[in-house]
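This report walks through the fold of one chain, piece by piece. Keep the sequence and the structure open beside it.

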Amino acid sequence: SSTPSKLLVLFSVSSGSLVAYSESQAETDRPNVELSRTESKKKRVVVLGTGWAGTSFLRDLDISKYDVQVVSPRNYFAFTPLLPSVTCGTVEARSIVEPIRNMIKKRSGEINFWEAECLKIDAANKRIFCKSNLDENLVGSNEFSLEYDYLVIAIGAEVNTFNTPGVLEHCHFLKEVEDAQRIRRAVIDCFEKAVLPGLSEEERQTNLHFVIVGGGPTGVEFAAELHDFVQEDLVKLYPSVRDLVKISVIQSGDHILNTFDERISSFAEQKFRRDGIEVLTGSRVINVSDKFINMKMKSSGEVFSVPHGMVLWSTGVGARPVVKDFMEKIGQGNRRVLATDEWLRVKGCEEVYALGDCATIDQRKIMVDMLNIFKAADKDNSGTLTMEEFEDVIDDILVRYPQVDLYLKRNHLPDIRSLLKDTMGREREEVNYEEFKSALSLVDSQTKSLPATAQVAAQQGAYLSRCFNLRDKCESNPEGPRRFTGVGRHQFRPFRYKHLGQFAPLGGEQAAAELPGDWVSMGHSTQWLWYSVYASKQVSWRTRVLVVFDWTRRFIFGRDSSRI
Ligand code: FAD
């Protein structure tokens, strides 16, 4: 470079903070651009991620109180529940994304957005290190660091491959919009390849074997979408191979959709059987190659190999590298995702919050709380409660921790009341503390963290912004955020998840839904409920109109099979 090596250039960014560039720093491993906190009295909140949790936090945050800086490698929010529809062209990719700068504009533009990936979190010095993924040929530095007062980590998760050989190289994932677009092209490729001249019947069949690993909501929804795409559109365009298409779902558990009510799992299995979608339960994938997928039957140990044209891997989520690195540093290296307390504060560091798929609320605290509820009910400190008092304890637990019953239900276990009573024996007049404690450890081992869903992420984002909005009213309290009620102060309520139900679209204009209050609804009418809920949940009128337009277009003209 012709620039003198010691030259220091200072220029101002929109927040008024100073950005310093020094070439002499370029050789060091530190980024050469630093966004330091300003002299302003406003505390800086840095938000990582523009997904469900991040945008929900930003939507409700009182930005007049903070200097808000957002970092994300994608400059849009994606409505992930409609990603499976993008894989087959039922809706277009651009219909389900909202530019983050549109969202910021609505907040009077007082939020700074940086399109970059956070690579490192230095909680000791309250600084994050970022790198932009923009074109390297553009002039200027791609790296910078950012100081924060509060850090909100909402960077989601990545697909968990369980280190299965060949998965990264030969499988498709469905996490991002780009993944959905890639899958759409891959499906069409399989059909175009299958009709080329010179292929044997077996080769055509292999190209048209679509394998989905994972029978959770995403895998099932993709299988259903693909089946509709094939039956409603592709068989008309590729009539010569219409009977060679096969869709298989491989599930390691005993049922698909096993986080849903049993009635929904069996409805989905029956529907798939009728549609000719093969469901292989109790099978674990050992490895994947470009042509074959090798599996092992859990019951017999038998290993077999299946040729495939395309594989979608959808078996749960794991931590992103930057989170893994951060977890190592704060002593959480042995965990799957970041552990927080019930106020979403990351354990082991100050002023760092984590929400959405990248975090989980540490259950141990909940178990301790439950024991405290028992102790509080034991007014005479005898260590024993009558059955009547114990029923009140369970009621109290359920009001405070409704998710515990939800986890148990997801694992097809009895509710907490029955589980505790069955464990301790039903024919009894009193319950003592030690018995309760050991029964609880059973519940603990069978309950898992909150599900990794948009619903949880959005509720956590909204909760945390409320805490931040009221923070200045309770600054003096070192115990964490407090709620200001107008009539006095009392401890801020911890985050409570409210389960509003969940949907599973099953294709053929049918869906299944688990609704609040243990209601289950399945069939064509549920599909219409799905349409209305998903249209209403869109983040802007623009995407709402685009999505409804796409659905209408599909009804009238079918899906577009061009490979672009
Ligand atoms: P995300 O929404 O994934 O957002 C993460 C954000 O972090 C993104 O903006 C990303 O660009 C950014 N980021 C990533 N790395 C970095 C980094 N290093 N630095 C800074 N930013 C970073 N849930 C439901 O409730 N209902 C459904 O019907 C449903 N369907 C789904 C269908 C599919 C195909 C998928 C994949 C998921 C579905 N989910 C559904 C789950 C739901 O999408 C997730 O639980 C939700 O997106 C989690 O929100 P999040 O904000 O934690 O993460």
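## A strand covered on both faces

Strand 12 (residues 150-153) is covered on both faces. Tyr150 and Val152 are buried on one side, Leu151 and Ile153 on the other. Buried means under 20% relative accessible area, exposed over 50%, and partly exposed in between, with a 1.4 Å probe and protein chains only. In a regular strand the side chains alternate between the two faces of the sheet.

Strand 12 runs parallel to strand 4 (residues 43-48), joined by 4 bridges. Valine 47 stands opposite valine 152 in that pairing. Strand 12 also runs parallel to strand 23 (residues 352-354), through 3 bridges. There valine 152 faces tyrosine 353. Two strands pair if DSSP finds at least two bridges between them.

## Basis and overall make-up

The model is predicted: local features need pLDDT of at least 70, side-chain atom pairs count only at pLDDT 80 or more, and totals for chains, interfaces and linings use all residues. Residues are numbered from 1 along each chain as its sequence is written, and side-chain values use heavy atoms, with hydrogens and water left out.

The chain has 17 helices and 31 strands. Helices (H or I, at least four residues) and strands (E, at least two) are DSSP runs, numbered from the N terminus. Of the 564 residues, 52% count as buried. Among contacts in the chain with a separation of 6 or more, 62% come from residues 24 or more positions apart. Contact means heavy atoms within 4.5 Å.

4 strands form an open sheet in the order 16-15-14-20, with parallel pairing. Strand 16 (278-281) and strand 20 (310-313) are the edge strands, and each pairs on one side only. The twist averages 15 degrees from one strand to the next. Axes are lines fitted to C-alpha atoms, for helices over the stretch in contact, and angles run from 0 to 180 degrees between N-to-C directions.

Strand 14 (residues 209-213) and strand 15 (residues 246-251) run parallel and are joined by 5 bridges. Isoleucine 212 has valine 249 in strand 15 as its bridge partner.

3 strands form another open sheet, in the order 29-30-31, with antiparallel pairing. Strand 29 (502-507) and strand 31 (519-523) stand at the edges with a single partner strand each, so one side of each has no neighbour in the sheet. Here the twist averages 10 degrees from one strand to the next.

Strand 30 (residues 510-515) pairs with strand 31 over 5 bridges, in the antiparallel sense. Alanine 512 stands opposite methionine 522 in strand 31. Helix 8 (residues 262-275) lies across strand 29, strand 30 and strand 31. Helix 8 runs at about 10 degrees to strand 31.

## Two helix pairs

The axes of helix 5 (residues 177-194) and helix 7 (residues 217-237) come within 13 Å and cross at roughly 45 degrees. That makes helix 5 oblique to helix 7. Angles under 35 degrees count as roughly parallel, over 145 as roughly antiparallel, 65 to 115 as roughly perpendicular and the rest as oblique. Ile183, Val187, Ile188 and Phe191 in helix 5 meet Phe222, Leu226, Phe229, Val230 and Leu234 in helix 7. By class, this contact has 9 nonpolar, no polar and no charged residues. Ala, Val, Leu, Ile, Met, Phe, Trp, Tyr, Cys and Pro count as nonpolar, Asp, Glu, Lys and Arg as charged, and the others, Gly among them, as polar.

Helix 16 (residues 524-536) and helix 17 (residues 541-557) have axes that come within 9 Å and cross at roughly 150 degrees. Helix 16 and helix 17 are therefore roughly antiparallel. Residues of helix 16 in the contact include Trp528, Trp530 and Tyr531, and those of helix 17 include Arg544, Val548 and Trp551. By class, the contact has 8 nonpolar, 1 polar and 2 charged residues.

Helix 1 (residues 52-60) is mostly covered, with 7 of its 9 residues buried. Trp52, Phe57 and Leu58 are among them.

Isoleucine 330 lies in the loop between helix 9 (321-329) and strand 22 (338-340). Isoleucine 330 is buried, with a relative accessible area of 16%. Not counting residues up to four places away in sequence, isoleucine 330 touches Leu338, Val346, Lys347, Gly348 and Cys349. Isoleucine 330 and alanine 123 are 207 residues apart in sequence and 8.6 Å apart in space, C-alpha to C-alpha.
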